[in-house]
Amino acid sequence: MHYFKKYSPFINLLVLFIVVNVILRIVLIFHPITQSGFGLMEIVKIFGFGMLSDVFVFMVASAFLWLYLLFLSNSKYEKPYGYVIFGGLLLLLGYVSFFNTILNEYGGSLPEIGISFIALKTILFGLLLFLPRYRNQIRFVLYWIAIFIFVLIIVQNSISEFFFWNEFGVRYNFIAVDYLVYTNTVIGNIMESYPVVPLFLGVGLITALLTYFIVKRTKPFLNDLPSFAEKIKGLGAYVILFIVSLFAIPFLANQEKSSNVFTNELQADGMYKFYVAFMNNELEFHKFYKTIPDAEAFVLLQKQLPDIKNESTLRTIKSDSAEIHKNVVLITIESYSAEFMKAYGNEKNITPFLDSLAQQSLQFTNLYAVGNRTVRGLEAVTLCLPPSAAESVVKRKDNKNKFSTGNIFKQKGYNVKYMYGGDAFFDNMGDFFGGNGYDIVDKKTFTPEEITFSNIWGVCDEDMYNKAIKVMNAEAKENKPFFNHIMTVSNHRPFTYPEGKIDISGKAKSRDGGVKYTDYALKQFFAMASKQPWFKNTVFVILADHCASSSGKTELPMDKYHIPAFIYSPGFVPAKEETILMSQIDIMPTLFGLLHFSYESKFYGQNVFSADYKPRAFVATYQDLGLIKDNVLTIISPVKKVKQFGLTPQPNSNLKPGFQLFYDEKPMTTLRDDLVNETISFYQTSAYLLKNKKYQK
């Protein structure tokens, strides 16, 4: 079969992949960071099992190569097939260029990317169709480019693995996944840390030379393309290899059982490790972060959370007053920075309703989001614990039956629901909330008549609030209090919403428009809610899930985590500007305090009005875990790195002292060990409790 002969591109790229990985393993063995010796059997495992893993990983990863090779043919350019295909491409190009597609709905650069790709495909097909005399030359150039791309991926991956090992001493893990999330930051770091121009020139030159040799060796394949029958046979053989590889790869990964960690890492295939990291979403705290003995960590935690004992956060919260079982509506607003509001210095008047509502609420002016993604905010207000390394608990497999705010409400006899205008399948929300006792109300529960506008993320906020009013009216008839957590979607790219609602068109797809429409929809919700019989017996908690942006001059820029938050309940919660430093994880325990709830708690979050509360806040990315306390920002990071920044306010004279956003973060040359250990104790103990399933309900 053509596809498995020595001149096949598939075979040549497979050999290149194996050779590059063998060279990489040799280099990593002798790398200074590999502080280990290896016995004969360990060498056999590293290279024997390692090469087998590489072969099977390539079988799976080469699926796109096979698609490319299978579609190399001359017959598709013959009449009438060629003209039919070309006509179809022209129609598709016209459709994506002049009509509203899902790409336009999402916005950003996607429409341009989609149009460019289809236009390029149409032009190239047209050249091959209408210039048969030059077809071989054109195909040869395109083939050269395709092989160059595949070779570049192999070479670039090996270089990336080397630099990753150089920094962390392991194959790809979730930090590598993290690097994909923070592409701009990572590229900036690379530009500052390495001789980028010589490096890229070297990679380009090596890739070009390897491409030249592979193209030269595989030219017979291009000159004598496989027949349709040969393609069917080749595809059948590849499908069998693909299926076998799906079972062989995890089997070989399970053979990484050496007591020598370096042996296991070198034996592994980096691409598969990346896949596993992406799926598992975890970073082992003890392996990558500076630690202290677990017993010491819990002793330090006891100073922050009085009444806990042993390796647990369990304690009794006792109120000296009768419990108040008011309805509670928690609204987490998508991507809502404090800087959008007038009180924090915004002069665009894009939040007129929330500006007004804040004046009638208990307003927390010094509250910080724990992270920079929606799942982090949902985790914070639901589980009330510090952000975990790598991915949020929401997206992990072990995300069910946790100790949660919903659990507390259920103990008090409440109906508990999570309401989301999109599909709760996204970001694992449905699995997380459903697995923690919440009933789910999402887009799938809407009737067609209930949807007046929707985009890629879901129904507009007005539709969500209309649905919420219907649900709460039904709940009120059950003579039980309700707790409903509503997550908004409209303040998210593409920032589209119904026309004619505000003075910024949804067609502009602007952030200001998204913010202003979100504010408008909230106004409509409260206008409707105020007319319902349950309104006066309801407490509304409103805060952002995270800020609109998290990038800044430092790893954790303070202003990019500062979010608005307030509790609104006229006649029950007095209006006040509360300036105490607090975290997103404290908002619900504080509410429980206002309701005088007595309960057994495992929360790290605290009632900020309790006498034993010590002001602090948590902020984090996927790998940088921070604690703000005593005007110091302490950050622990892989690999066992610690940094501290002194925080000096940069006051704006036009703002009240409690509404200042900006701080100068100056690196501290001498670390405060007490704050370092306290930071470690918070994050280490929460990682311990999650890993050992001690944060269950």
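Is cysteine 460 buried or exposed? Select it and see: cysteine 460 is buried, with a relative accessible area of 2%. Here buried means under 20% relative accessible area and exposed over 50%, with partly exposed in between (1.4 Å probe, protein chains only).

Before moving on, a word about what is on your screen. This is a predicted model, in which local features need pLDDT of at least 70 and side-chain atom pairs count only at pLDDT 80 or more, while totals for chains, interfaces and linings use all residues. Residues are numbered from 1 along each chain as its sequence is written, and side-chain values use heavy atoms, with hydrogens and water left out.

Stop 1: Select cysteine 384, which is buried at a relative accessible area of 0%. The structure holds zero disulfides (a disulfide being a pair of cysteine sulfur atoms within 2.5 Å). For cysteine 384, the nearest cysteine sulfur belongs to cysteine 547 and is 19 Å away.

**Stop 2: two helices side by side.** Now show helix α3 (residues 63-70) and helix α12 (residues 228-253). Helices (H or I, at least four residues) and strands (E, at least two) are DSSP runs, numbered from the N terminus. The axes of α3 and α12 come within 11 Å and cross at roughly 175 degrees. Axes are lines fitted to C-alpha atoms, for helices over the stretch in contact, and angles run from 0 to 180 degrees between N-to-C directions.

Show side chains next. On α3, pick Ala63, Trp66, Leu69 and Leu70; on α12, pick Lys231, Gly234, Leu235 and Tyr238. These residues make the contact, meaning heavy atoms within 4.5 Å.

**Stop 3: threonine 263.** Go to helix α13 (residues 261-267), where threonine 263 lies. Threonine 263 counts as buried, at 0% relative accessibility. Leaving aside neighbours within four places in sequence, threonine 263 is in contact with Phe38, Glu42, Ile46 and Ser258.

**Stop 4: a covered strand.** Select strand β10 (residues 538-544), where seven of seven residues are buried. Thr538, Phe540, Ile542 and Ala544 point one way from β10, and Val539, Val541 and Leu543 point the other way.

Strand β2 (residues 327-333) runs parallel to β10 and is joined to it by seven bridges. To see one of these bridges, find valine 329 and its partner in β10, phenylalanine 540. Strand β11 (residues 565-568) runs antiparallel to β10, with four bridges between them. Here leucine 543 stands opposite alanine 565.

**Stop 5: an open sheet.** Finish with the five strands in the order β15-β16-β17-β18-β19, which form an open sheet with antiparallel pairing. Its edge strands, β15 (617-620) and β19 (663-667), each pair on one side only. From one strand to the next, the twist averages 25 degrees. Strand β18 (residues 641-649) is joined to β19 by five bridges, and phenylalanine 645 has proline 667 in β19 as its bridge partner.

Note on methods:
Pairing = 2+ DSSP bridges.
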